[in-house]
Amino acid sequence: VVIIGGAVSIVIAMVVGLFLARRALVPIQVSWEKQQQFIADASHELRTPLAAILVNLERLFRFPDRTIEQESEKIMVGIQEARRLSKLVSDLLTLARSDSNELQIMPQKLRLDEIVQKCTQVFTQLAIVKQVNLETEIEQPLEMEGDEERLHQLLVILLDNALKYTNEYGSIYVSCKREGQRVVVLVRDTGIGIPKEDTPYLFDRFYRVDKMRSRSAEGTGLGLSIAKWIVDAHHGKIQVSSEEGIGTSFLVTLPMKQ
Ligand code: ADP
């Protein structure tokens with residue numbers, strides 16, 4: 001337990017160290033204040049799951065006679081927090097690399113309809129488990145230039161949020177079609193919605209509407225800032241419209257040629 005705890009701390013220290021060093025050395029375009037705020041927020045967000053893992057490991061260590069069944073809840077919390085930590089670290093590295101222009105999209109000819117189809121298939125299974133209805137309307141074929149991996153990531157972020165913030169018996173609608181020289185992707189849900197005053201900040205790093213409400217559904221507050229980076233890198237536009245208690249729509253418009 002001590003070894004695992006120590007190893008986790010060392011990995012986190014290395015990641016934060018790497019992250020800070022990268023930000024200190026590479027010329028970047030964000031302001032000094034924003035960088036400081038980002039580092040403070042990142043450290044805070046990394047500390048929270050780490051503390052939960054350590055507390056649970058220490059408790060297990062103090063009562064060695066208890067069985068795995070008796071301690072299953074603590075073990076589960078540890079696993080969930082470790083997963084959260086891993087997602088957070090990978091999201092932070094994506095954003096740090098995008099700031100330093102080290103991360104760029106690799107546009108190539110692709111079929112957006114196939115990417116959307118692949119993604120919605122996976123989410124249909126997850127939606128069934130949550131008793132949420134997922135409907136799609138996908139124009140075929142939908143050829144465009146873009147970065148396949150990043151566009152897949154964009155859809156995962158939007159669908160993951162739609163499912164996370166939609167209660168059971170709700171529904172999600174995904175459409176994808178051509179409009180002139182652009183493709184338009186819509187992800188709409190009948191979920192909890194977003195208060196008007198929060199929408200201008202949704203794409204800010206670590207911004208989460210009502211921390212308590214978001215905390216119950218796991219997340220990092222970084223998904224939409226990564227989504228925005230992906231859309232900007234494709235010279236596209238992402239818009240949100242939402243009404244509390246009614247639902248939320250994210251509309252992504254991307255040029256067909258890069
Ligand atoms: P998170 O990891 O917390 O989901 P995101 O950056 O993806 O972070 O989203 C930021 C915040 O925007 C979320 O915490 C949530 O409050 C709100 N949000 C995003 N998508 C939706 C949605 N479809 N319905 C309701 N709220 C949403």
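**View 1. The lining of the largest cavity has eight nonpolar, no polar and no charged residues.** This is a predicted model, and we start inside it. The residues lining the largest cavity are L112, L151, L154, L155, L158, V185, V252 and L254. Two elements, α5 (148–164) and β7 (247–255), each give two or more residues to this lining. The top contributor is α5, with four residues. As for volume, the largest cavity comes to about 50 Å³. How many cavities of 30 Å³ or more are there? The count is two.

**View 2. Helices α2 and α3 pack at an angle of about 160°.** Here, α2 covers residues 32–62 and α3 covers residues 72–99, and their axes are 9 Å apart. Because of that angle, α2 is roughly antiparallel to α3. The crossing of α2 past α3 is left-handed. On the α2 side, the contact is made by F38, A42, E45, L46, P49, L50, A52, I53, N56, R59 and L60. Facing them from α3 are K74, I75, V77, G78, E81, A82, R84, L85, L88, V89, L92 and L95. Sort the residues of this α2 and α3 contact by class and you get 16 nonpolar, two polar and five charged.

**View 3. Helix α3 also crosses helix α7, at roughly 35°.** Helix α7 runs over residues 223–233, and its axis comes within 10 Å of the axis of α3. Is this crossing left-handed or right-handed? For α3 and α7, it's left-handed. From α3, the residues making the contact are D91, T94, L95 and S98, while α7 brings S225, I226 and W229. By class, that gives the contact of α3 with α7 three nonpolar, three polar and one charged. One of these residues, L95, also turns up in the contact of α3 with α2.

**View 4. Helix α7 meets α5 as well, at an angle of about 145°.** The axes of α5 and α7 lie 9 Å apart, and their crossing is left-handed. Which residues of α5 meet α7? They are R150, L151, Q153, L154, I157, L158 and N161. Their partners in α7 are G223, L224, I226, A227, W229, I230 and V231. Ten residues of the α5 and α7 contact are nonpolar, three are polar and one is charged.

**View 5. A cis peptide bond joins Q140 and P141.** Omega for this bond is about -10°. Where does P141 sit? Look in the loop between β2 (133–138) and β3 (143–146).

**View 6. N101 has a positive phi, in a residue other than glycine.** Its phi value is near 60°. To find N101, look in the loop between α3 and β1 (108–111).

Methods:
Residues are numbered from 1 along each chain as its sequence is written. This is a predicted model: local features need pLDDT of at least 70, side-chain atom pairs count only at pLDDT 80 or more; totals for chains, interfaces and linings use all residues. Side-chain values use heavy atoms; hydrogens and water are left out. On a 1 Å grid over the protein atoms alone, a cavity is a set of points where a 1.4 Å probe fits but cannot get out, and a pocket is an open set with protein on both sides within 12 Å along at least five of seven lines; lining residues have an atom within 4 Å of a point. Grid points are joined across faces, edges and corners, and a volume is the space filled by probe spheres set on the points. Ala, Val, Leu, Ile, Met, Phe, Trp, Tyr, Cys and Pro count as nonpolar, Asp, Glu, Lys and Arg as charged, and the others, Gly among them, as polar. Axes are lines fitted to C-alpha atoms, for helices over the stretch in contact, and angles run from 0 to 180 degrees between N-to-C directions. Angles under 35 degrees count as roughly parallel, over 145 as roughly antiparallel, 65 to 115 as roughly perpendicular and the rest as oblique. A crossing is left-handed if the near helix is turned anticlockwise from the far one by less than a right angle, and right-handed if clockwise. Contact means heavy atoms within 4.5 Å.
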